[in-house]
Amino acid sequence: MKVVRSMAYTRYKLGTETTEQDVLAAAEGILKERLVRRGSIGNPTDASSFLRIRLGALLHEEFHVLWLDNRHRIIDCQKLFTGTVDGANIYPREVVRAALSINASAAILAHNHPSGVAEPSAADRAITHELRDALRLVGVRILDHIVVGAECVSMAGRGLM
């Protein structure tokens with residue numbers, strides 16, 4: 001059996017103090033490797049655990065995109081926008097630019113609600129439709145928009161896409 005040692009484990013063994021951020025970074029890395037090893041995302045909610053670790057503990061909103069190729073294999077996960085405790089400005093032009101620069105065919109959008117309440121707001125639904133329309137013009141499909149709070153809510157799973 002191959003033993004994988006995280007950055008946090010290595011720091012602990014070397015005697016340096018391990019912070020909560022180190023542990024979260026190690027967990028994010030492990031979950032990202034699992035997603036990559038899986039080969040492709042068959043169901044957009046396959047990414048929920050990774051996104052919960054990446055966004056769940058933040059005290060401000062962040063908007064991330066999990067970029068996929070035409071077989072739904074992960075190309076990259078990018079943080080595109082950072083906001084405040086109750087919102088983030090999302091610019092469709094910049095999202096389209098990012099999609100084209102990485103040559104993506106599909107995307108899973110994600111953002112967090114620092115309040116812990118993952119219920120998609122009217123603004124969340126509006127920006128999802130705006131991004132869907134903008135990305136559709138350049139041939140990029142949005143598979144889901146996941147809102148991360150105490151739990152993850154899939155907008156596609158709720159029929160809001």
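By class, the lining of the largest pocket is made up of 5 nonpolar, 5 polar and 3 charged residues. In this grouping, Ala, Val, Leu, Ile, Met, Phe, Trp, Tyr, Cys and Pro are nonpolar, Asp, Glu, Lys and Arg are charged, and the others, including Gly, are polar. The model is predicted, so local features need pLDDT of at least 70 and side-chain atom pairs count only at pLDDT 80 or more, while totals for chains, interfaces and linings use all residues. Residues are numbered from 1 along each chain as its sequence is written, and side-chain values use heavy atoms, with hydrogens and water left out.

A pocket is an open set of points on a 1 Å grid over the protein atoms alone, where a 1.4 Å probe fits, with protein on both sides within 12 Å along at least five of seven lines; lining residues have an atom within 4 Å of a point. Of the 13 residues that line the largest pocket, Glu-61, Ala-88, His-111, Ala-123 and Asp-124 lie nearest its centre. Helix H5 (residues 122-136) gives the largest share of this lining, with 3 residues. Helices (H or I, at least four residues) and strands (E, at least two) are DSSP runs numbered from the N terminus.

Beyond its neighbours within four places in sequence, Ile-90 is in contact (heavy atoms within 4.5 Å) with Phe-63, Phe-81, Val-95, Ile-127 and Leu-131.

Helix H4 also holds Arg-97, which is partly exposed at a relative accessible area of 44%. On this scale, buried means under 20% relative accessible area, exposed over 50% and partly exposed in between (1.4 Å probe, protein chains only). Arg-97 and Leu-135 are 38 residues apart in sequence, and their C-alpha atoms are 9.6 Å apart in space.

The whole structure contains 6 salt bridges, each with a side-chain nitrogen of Lys or Arg within 4 Å of a carboxyl oxygen of Asp or Glu. In one of them, Asp-69 pairs with Arg-73, with the closest N and O atoms 2.7 Å apart. Asp-69 is buried, because its relative accessible area is 15%, whereas Arg-73 is partly exposed at 38%.

In helix H5, Asp-133 and Arg-136 are 3 residues apart, about one turn of the helix. These two residues form a salt bridge whose closest N and O atoms are 4.0 Å apart. Salt bridges with shared partners link Arg-132, Asp-133 and Arg-136 into one network; the bridge between Arg-132 and Asp-133 spans 3.4 Å from N to O. Arg-132 is partly exposed, with a relative accessible area of 25%, and Asp-133 is partly exposed at 37%, while Arg-136 is exposed at 53%.
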